[in-house]
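This report covers one protein chain.

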Amino acid sequence: MRPAIVDEFDPPFTVTEPSAQTIPFVFNVPHAGAVYPASFLAASRLDAIALRRSEDAFVDELFGSMADLGAPLMTARFPRAYLDLNREPYELDSRMFDGRLPPFTNTRSMRVAGGLGTIPRIVADGQEIYRSRLHVEEALHRIEWLYKPYHRTLRNLVRRTAQHFGHAILIDCHSMPSSSVSREDGAKADIVLGDRYGTSCTTLLIDLVEAALRGRGYTVIRNKPYAGGFITEHYGEPALGRHALQIEINRALYMDERNMHKKPGFAVLAGDLTQAFAQVISDVEGELTIRSIAAE
């Protein structure tokens, strides 16, 4: 039976396609979903603003011009607090549910222990989400009808891109709380790039992205505190010509983190990201083509 959650998120995700895909890039925004069903709000002990603390608010808009550059942009509409796409499909905390979880469930991951599994137990600031336990069927429905179709579509986008261009580059787009990026010397990172410590993409890609962003005045660091999650690890296979890079943007650059409102500098940041990736796209394509030919 088709569960009500599918209708509550109609559609559960969107893919904004260019008129023709002209570049081997796919942009993905898995945590910007801002549709909070009444049933979810009723089951939560938190108000809407508290639930939104886990949301990568407005990141889909920051990267909204990527289709104009010739790449598809995929965006979830359901919130991260409801279902986290940057996890394995079955990272579940048995303490959250009534009923027996399937035997293949990963109940012992560090993310589950921290309350941030596929169905999160807490929001970003550590507050418990639910008033009471969920039935296990609720979790399985969310995974079957939201998680799996999302990743199936994302895999197809990456596969299609690789088949057409000979390689594919997935940019996984996120934002981070300003409180998470203090460094020992007191400096604040504007952007953190994650390539799983050099394993999810060619060094060329992260070098070019870092240079393009630094050239526009942003402070950029790599892999700390965010090296990339399940998506970067799962979709990044450089030896097969499939590259994945995570980008985390400091929320203080573009929004008031207390009331979740955009700052006046939002449009400037969005323009800088578009220009930076236009530069990266121009620089990386020739280099990857040359390397692909040389490897044959």
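## Ground rules

Two strands pair if DSSP finds at least two bridges between them. Strands (E, at least two residues) and helices (H or I, at least four) are DSSP runs, numbered from the N terminus. In β8, Arg222 is the bridge partner of Leu193.

The model is predicted: local features need pLDDT of at least 70, side-chain atom pairs count only at pLDDT 80 or more, and totals for chains, interfaces and linings use all residues. Residues are numbered from 1 along each chain as its sequence is written, and side-chain values use heavy atoms, with hydrogens and water left out.

Strand β7 spans residues 191-194. Ile191 and Leu193 point one way, Val192 and Gly194 the other. All are buried (under 20% relative accessible area; exposed is over 50%, partly exposed in between; 1.4 Å probe, protein chains only).

β7 pairs with β8 (residues 220-222) in the parallel sense, over three bridges. The chain crosses from β7 to β8 through helix α7 (residues 203-214), and this β-α-β crossover is right-handed. Right-handed means that, with the strands pointing away from the viewer, the path from the first strand over the helix to the second runs clockwise. β7 and β9 run antiparallel, joined by four bridges. There, Val192 stands opposite Glu248 in β9.

Strand β3 (residues 73-76) is covered on both faces. Leu73 and Thr75 lie on one side, Met74 and Ala76 on the other, and all are buried.

Strand β1 (residues 13-16) pairs with β3 in the antiparallel sense over four bridges. Val15 has Met74 as its bridge partner in β3. Strand β2 (residues 25-29) and β3 are parallel, with three bridges. Phe27 stands opposite Leu73.

## The largest pocket

The largest pocket has a volume of about 640 Å³. A pocket is an open set of points on a 1 Å grid over the protein atoms alone, where a 1.4 Å probe fits, with protein on both sides within 12 Å along at least five of seven lines; lining residues have an atom within 4 Å of a point. Grid points are joined across faces, edges and corners, and the volume is the space filled by probe spheres set on the points.

The lining has 30 residues; Arg80, Arg87, Leu116, Pro177 and Tyr226 lie nearest the centre. Elements giving two or more residues are α5 (110-113), β6 (168-176) and β9 (242-250).

## Arg142 in helix α6

Arg142 sits in helix α6 (residues 136-165). Arg142 counts as buried because its relative accessibility is 3%. What does the Arg142 side chain reach at 2.9 Å? The backbone oxygen of Tyr82. A polar contact (N or O atoms within 3.5 Å, one able to donate a hydrogen and the other to accept it; residues adjacent in sequence count only if both atoms are side-chain atoms) of 2.8 Å joins the side chains of Arg142 and Glu138.

Most residues other than glycine have a negative phi, and most peptide bonds are trans. The bond from Asp10 to Pro11 is cis, with omega near 0°. Lys224 and Pro225 are also joined by a cis peptide bond, omega about 5°. Pro225 lies in the loop between β8 and α8 (230-235).

Phe58 has a positive phi near 70°. At 16% relative accessibility, Phe58 counts as buried. Tyr197, in the loop between β7 and α7, has a positive phi of about 55°. At 55% relative accessibility, Tyr197 counts as exposed.
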